[in-house]
Amino acid sequence: MSLKEEIKNKIIEIEKEGINGLKEMFQTYAEAADIDEEATHDPEDFSQQDQSRDSARNLEVRINRAKMELDSFINLDFSPKSVVEPGALVLTETLNFFIGISVKPFDHDGKKFIGLNTEAPIYSAIVGKKAGDAVEFNGQKYRIIEVI
C-alpha cells in the first residue's frame with residue numbers, strides 16, 4: 001500500500017472515530033432529554049431536559065456536517081498530483097499535509113501529518129506549489145519535498 005493510501009485510510013479512520021464519538025454523546029443527551037413527563041418533577045428537571053434537547057440538536061448538526069465532510073473527502077480525486085491541490089499529499093521537511101479535509105496532527109511512521117481543507121489559511125499559501133518550492137506561513141518555513 002502506498003504512503004498516500006495509508007494516510008488517506010488513517011484520516012478516514014480518525015474521522016469515523018470522531019463521528020462515532022459524536023454519536024455516543026448525542027445518544028447520551030437524547031436519553032437525558034427523554035424524561036417521563038407524567039412523573040413528578042421539579043422545574044429544574046425540565047430545564048435540564050431543554051438543555052439536553054438543545055445539546056442533542058447541536059450534536060446532530062455536527063454529526064451531519066462531519067459525515068458530509070468525510071463523504072466529500074472520500075470522493076476526492078486521489079490520482080497522483082504534481083502540484084498542491086485537493087487530493088494531494090504534500091511532504092515537507094517538518095510537517096506533511098493531506099489536502100481535502102481538516103484533521104488534527106497525527107503521527108505515522110515517525111512523521112507528522114495534518115489534514116487541511118481548502119478553507120484553511122495555509123492552503124492559500126501552498127496551493128499550486130510543487131516539489132522544490134518553499135513556503136512561509138505564520139513565520140514557519142516549509143520546503144516541499146514531494147507532492148503525491
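Two residues are in contact when they have heavy atoms within 4.5 Å of each other. On that basis, residues 24 or more positions apart account for 54% of the contacts in the protein with a separation of 6 or more.

This is a predicted model: local features need pLDDT of at least 70, side-chain atom pairs count only at pLDDT 80 or more, and totals for chains, interfaces and linings use all residues. Residues are numbered from 1 along each chain as its sequence is written, and side-chain values use heavy atoms, with hydrogens and water left out.

**Overall make-up**

- The protein has three helices and six strands. Helices (H or I, at least four residues) and strands (E, at least two) are DSSP runs, numbered from the N terminus.
- The order from the N terminus is α-α-β-β-β-β-α-β-β.
- Of the 148 residues, 32% count as buried. Buried means under 20% relative accessible area, exposed over 50%, and partly exposed in between (1.4 Å probe, protein chains only).

**Nonpolar cores**

- A nonpolar core is a set of buried Ala, Val, Leu, Ile, Met, Phe, Trp, Tyr and Cys residues joined through side-chain atoms within 4.5 Å.
- The largest one has 18 residues. Those with the most contacts inside it are Ile7, Ile11, Phe73, Leu89, Phe98, Phe106 and Phe113.
- Helix 1 (3-33), helix 2 (43-74), strand 1 (89-92) and strand 3 (103-108) are the elements that give two or more residues to this core.
- Domain 1 (3-75) and domain 2 (83-147) both contribute residues, so this core lies between them. The domain bounds come from an automatic or database domain assignment.
- Another core, of 16 residues, lies apart from the largest one. Val90, Ala120, Ile122 and Val135 are among its members.

- Six strands form an open sheet with mixed pairing, in the order 3-4-2-1-6-5. Two strands pair if DSSP finds at least two bridges between them.
- Strand 3 and strand 5 (134-137) stand at the edges with a single partner strand each, so one side of each has no neighbour in the sheet.
- From one strand to the next, the twist averages 30°. Axes are lines fitted to C-alpha atoms, for helices over the stretch in contact, and angles run from 0 to 180 degrees between N-to-C directions.
- Strand 3 pairs with strand 4 (residues 111-116) in the antiparallel sense, over four bridges. His108 stands opposite Lys111 there.

- In strand 2 (residues 95-99), five of five residues are buried.
- Leu95, Phe97 and Ile99 point one way, while Asn96 and Phe98 point the other way.
- Strand 1 and strand 2 are antiparallel, with two bridges. A hairpin of two residues joins them, and Val90 stands opposite Phe97.
- Strand 2 and strand 4 run parallel, joined by five bridges. Asn96 has Phe113 as its bridge partner.

**A residue in helix 1**

- Met25 is found in helix 1. Its relative accessibility is 37%, so Met25 counts as partly exposed.
- Met25 and Glu60 are 35 residues apart in sequence, and their C-alpha atoms are 9.8 Å apart in space.
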